[in-house]
Amino acid sequence: MGVLTGRTALVTGASRGIGRGVAERLARDGARVAVHYGTNEAAAKETVAAIEAAGGSAFALGVELGAPGAAEAVWAKFDARADGLDILVNNAAVPTSSAFEAIDEAEFDRLFTVNTRAPFFLTRLAAGRLRDGGRIINISSGATRTTAMAELMPYAMTKGALEVFTRYLARVLGPRGITANTVAPGIVDTDVNAQWLRSSDEAWAGAAAFSALGKVGTPAEIADVVAFLASPDGRWVTGQWVDATGGSLI
Ligand code: NAP
């Protein structure tokens with residue numbers, strides 16, 4: 001019996017990277033996990049297979065966020081496979097390296113559509129499904145606390161909006177014992193960073209140097225923080241921005 005036995009979780013963007021790490025960890029703690037993905041069905045099935053091989057329970061759920069009606073589609077697929085919801089982790093997001101001077105309107109809209117609008121409407125529809133005592137965990141970024149990284153600024157704006165939303169959720173859902181928190185990773189070794197992070201030993205060392213702990217983060221390290229907030233031990237923490245950067249300056 002794990003601390004989440006009997007609970008059901010939905011993790012968006014759980015086919016790869018941090019989302020996969022979170023899905024695996026919540027399943028190890030006993031939750032049945034809906035492994036959401038956008039287009040990469042094979043990777044989502046791999047996540048499900050890994051969870052099942054470890055003795056857990058999961059199912060894959062594919063809906064491309066940002067398309068019209070995506071939130072309704074996610075919950076229709078979820079309801080067909082699950083009986084109620086206890087934990088929602090809004091993790092799926094897209095990056096950009098287009099800075100203030102370079103980003104065009106289409107890319108700006110795409111960023112906000114996937115990173116901000118999608119979790120907003122997904123969560124609004126989740127609120128009625130979440131059982132009392134439930135958990136909402138929104139994955140932001142350490143980039144929201146810095147003003148110096150021009151190439152991350154538009155992306156950080158989408159995450160800043162998610163943080164405002166999280167504080168609101170904590171206030172309105174608190175009377176039902178539902179907590180809402182933000183987890184902010186620093187640089188994590190996932191597909192989104194692979195090209196530059198793995199381009200040279202210098203790039204890797206430079207990324208590691210951003211963390212006070214002197215290393216690049218792993219999905220499992222973010223998942224452990226999410227797991228605490230999702231667990232019964234996290235019941236008295238809500239409306240918070242939780243640093244999961246390893247003491248990073250960005
Ligand atoms: P990743 O490896 O690129 O994985 C992204 C996940 O999101 C995939 O499962 C992908 O699904 C899904 N996704 C992306 N766009 C989608 C869409 N339009 N509709 C549905 N699903 C979509 O990302 P990651 O590095 O693990 O990042 C996870 C979260 O952590 C994000 O919110 C990111 O902003 C945040 N974060 C990451 C870092 C880092 O250094 N990695 C740092 C700070 C914050 P498919 O597999 O189907 O494409």
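Analyst: A pocket here is an open set of grid points, on a 1 Å grid over the protein atoms alone, with protein on both sides within 12 Å along at least five of seven lines. A molecule sits in such a pocket if more than half of its atoms lie within 2 Å of its grid points. By that test, the ligand sits in the largest pocket. The model is a predicted one, and the values below are computed from it.

The shell holds 33 residues, and those that come nearest to the ligand are S15, T39, N91, Y155 and T190. Two of these five can be described by their polar atoms. In S15, a polar side-chain atom lies 2.5 Å from an oxygen atom of the ligand. In T39 it is a backbone N or O atom that lies 2.7 Å from a ligand oxygen atom. L65 also places a backbone N or O atom 2.7 Å from the ligand, here from a nitrogen atom. Taken alone, the ligand exposes 900 Å², and the protein buries 92% of that area.

One of the shell elements, helix α4, also contains T116. With a relative accessible area of 16%, T116 is buried, because the cut-off for that class is under 20%. T116 and V89 are 27 residues apart in sequence, and their C-alpha atoms are 14 Å apart in space.

Aromatic side chains make up a further part of the picture. The count of aromatic pairs comes to five. In one of them, the ring centres of W75 and F78 are 5.2 Å apart and the planes stand at 80 degrees, so the pair is edge-to-face; the limit for that class is over 60 degrees. Both residues belong to helix α3 (residues 70-81), and because they are three residues apart there, about one helical turn separates them. W75 is buried, at 1% relative accessible area, and F78 is buried too, at 0%. Ring pairs also bring in F59, which forms a cluster with W75 and F78.

Definitions and conventions
Residues are numbered from 1 along each chain as its sequence is written. This is a predicted model: local features need pLDDT of at least 70, side-chain atom pairs count only at pLDDT 80 or more; totals for chains, interfaces and linings use all residues. Side-chain values use heavy atoms; hydrogens and water are left out. Rings of Phe, Tyr and Trp (its six-membered ring) pair if their centres lie within 6.5 Å; planes under 30 degrees apart count as stacked, over 60 as edge-to-face and the rest as tilted. Helices (H or I, at least four residues) and strands (E, at least two) are DSSP runs, numbered from the N terminus. Buried means under 20% relative accessible area, exposed over 50%, partly exposed in between (1.4 Å probe, protein chains only). A residue is near a molecule or strand if one of its heavy atoms lies within 4 Å of it. A polar contact is a pair of N or O atoms within 3.5 Å; within protein, one must be able to donate a hydrogen and the other to accept it, and residues adjacent in sequence count only if both atoms are side-chain atoms. Accessible areas come from the Shrake-Rupley method with a 1.4 Å probe; for residues, only the protein chains shown count as cover. On a 1 Å grid over the protein atoms alone, a cavity is a set of points where a 1.4 Å probe fits but cannot get out, and a pocket is an open set with protein on both sides within 12 Å along at least five of seven lines; lining residues have an atom within 4 Å of a point.
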